[in-house]
Amino acid sequence: MRKKSIIYIASLMLASSFCTSCIDLEELNVDPNNPTTTQPALLLTGIAYTAFNQTSSSACHATKQLILTSGESAYQVYKWTRGDFDYYDNLRDVTKMMEVSESESAYQALGHFFRANYFYQLTMDFGDIPYSDALKGETNAVYQPQYDSQEKVFEGILNELAEADNLLKDNNEIISGDIIYNGNLLQWRKLINAYRLRILMSLSNKTKVGNINVPATFAEIVKDCPLMESAADNGQLVYLDQSSNRYPYFNDSDFGSGRFMDSTYIAAFVTRKDPRLFAIATQTPKAEQEGKAVDDFTAYDGGDPAVPYSLVNDKATAGLCSKPTERYYKSPTNEPMILLGYTEQQLILAEGVVRGWISGDDKAYYESAVKASFEFYRTYANDVAAYLGEDAADTYLKGSEVLYDSTLPAEKKIERIAMQKYLPTFLQGGVWLPYYEALRTGYPDFRRATGVQLPYRWMYPQSEYNNNPTNVQASLESQFGGGDKTSDKPWWLQ
């Protein structure tokens, strides 16, 4: 019996040896229910959702839009320390999409856009970051990437965005998996070019970044490249009342209890008699009990961000603090999340005129931005839409704190542009952009306790000190003389 088995096994082995020339043994190890490759369209959907679904209540504390009554927010009092490199996890998916898509395809172009988006946020958060060496662990076994200077990162991402626009020019490719523009590549080009303008304007105190002339490149984009023509071109994510597709603060308990509006944010609307306030904040409980009208600006207030949270809690308990309107935490779809929209683009163009980078009608740019913002809130805050009509926008633009005309000095124009960028950013995309804009322009001047300085950046993650110590230390030496503090001013602000 044993002898027969040995002969049988030997025969099987011999038969197997004859088949190896016609059958790839690797195929025998493939599980058809667990594929090892994917299509770029499948990756694009998740990549786009993650990139556009960006918002931060912490950023709203830092930008004086929200306050806490349940404890001290480190962001409200500017005591944050270390950040994280989580965006690199998102970038791995982008890298994979580019790997599995054809050369010079639309997916490659969108990959460059998403890379630029994440690397821009990373460098704004920290300063120098791994860029050229990043994400090469699988392909080049680079597990301790060197850091690029912030200037080199800015130059690199601007070049990537230019490449993205070039790849999409005259491109008639039909793509799938696009939940932002449903495959409309012209609209992607408009967003990409608006993003280029955003980055260039963030460098307004620089003339050159690497080999790129900042004002001249800005002017070339405006002259030669497609840009958003209306709010219909907004780069935004529309939410669905489906699991994993709902508005990110839907059913968020903190918004139903411990979070209230910041008094300085409320005051920015009240001072300007800005009816968009009604779409963002509720009346105070006391004002509501007194029967005040929705459009009575005295019915709105918030907590002082420069005093201990216990005092804010006392004010809220007395019914004297407004809250975010219920749609932010009770509506599963609420409003789209705008990564970059027409309103911001038009204000960037207005500032470009003021700075002499382009010619044009800065007043027209400014007013079109404000009107588009009113239209957005009129569309998604249905219960107060009557206060946000076109006539209301026209009236608002004539207000003494909003009016924009040629008699204003340049600095006053920039202040008004900056404030109109800031006001509609509540719980919107761009995350920390309003904070960085305030660092760049000085507007608004965020209220804080005496002696408290605004941080310029985050300290590098502890994981970098653990896993990439040589390169993170070399970067700190070249930037800040070896230190790693939130008060260190990175290149873009110098």
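**A walk through the loops and helices**

Let's start with Tyr78, which sits in the loop between strand 1 (66-68) and helix 4 (87-100); helices (H or I, at least four residues) and strands (E, at least two) are DSSP runs numbered from the N terminus. The model is predicted, so local features need pLDDT of at least 70 and side-chain atom pairs count only at pLDDT 80 or more, while totals for chains, interfaces and linings use all residues. Residues are numbered from 1 along each chain as its sequence is written, and side-chain values use heavy atoms, with hydrogens and water left out.

Tyr78 counts as buried because its relative accessibility is 7% (buried means under 20% relative accessible area, exposed over 50%, partly exposed in between, with a 1.4 Å probe and protein chains only). Ala141 also has a positive phi, of about 55°, although it is not a glycine. Ala141 is found in the loop between helix 6 (137-140) and helix 7 (150-168), and at 48% relative accessibility this alanine counts as partly exposed. For context, most residues other than glycine have a negative phi, and most peptide bonds are trans. Pro444 belongs to the loop between helix 20 (433-441) and helix 21 (462-467).

Next, please find Ser322, in the loop between helix 14 (309-317) and helix 15 (327-330). Is Ser322 buried or exposed? With 0% relative accessibility, Ser322 counts as buried. Its contacts (heavy atoms within 4.5 Å), leaving aside neighbours within four places in sequence, are with Phe260, Met261, Ile266, Ala281, Thr282, Gln283, Thr284, Ala299, Tyr300, Asp301 and Gly302. To one of these residues, Thr282, the Ser322 side chain reaches across, coming to 2.7 Å from the backbone oxygen.

Now for a helix pair. Helix 16 (residues 342-354) and helix 17 (residues 362-380) pack at an angle of about 165°, and their axes are 8 Å apart. Here axes are lines fitted to C-alpha atoms over the stretch in contact, and angles run from 0 to 180 degrees between N-to-C directions. The two helices are therefore roughly antiparallel to each other (over 145 degrees; under 35 is roughly parallel, 65 to 115 roughly perpendicular and the rest oblique). Helix 16 contributes Tyr342, Thr343, Gln346, Leu347, Leu349, Ala350, Val353 and Val354 to the contact, while helix 17 brings Asp362, Tyr365, Tyr366, Ser368, Ala369, Ala372 and Ser373.

Each of these helices also holds a buried residue worth a visit. In helix 16 you will find Glu344, which is buried, with a relative accessible area of 15%. Glu344 touches Arg198, Lys421 and Leu433, not counting residues up to four places away in sequence. In helix 17, look for Val370. Val370 is buried too, its relative accessible area being 1%. Not counting residues up to four places away in sequence, Val370 touches Tyr396, Leu397 and Gln420. How far apart in space are Val370 and Pro424, C-alpha to C-alpha? The distance is 9.4 Å, although Val370 and Pro424 are 54 residues apart in sequence.

Notes. Polar contact = N/O pair within 3.5 Å; in protein donor to acceptor, adjacent residues only side chain to side chain.
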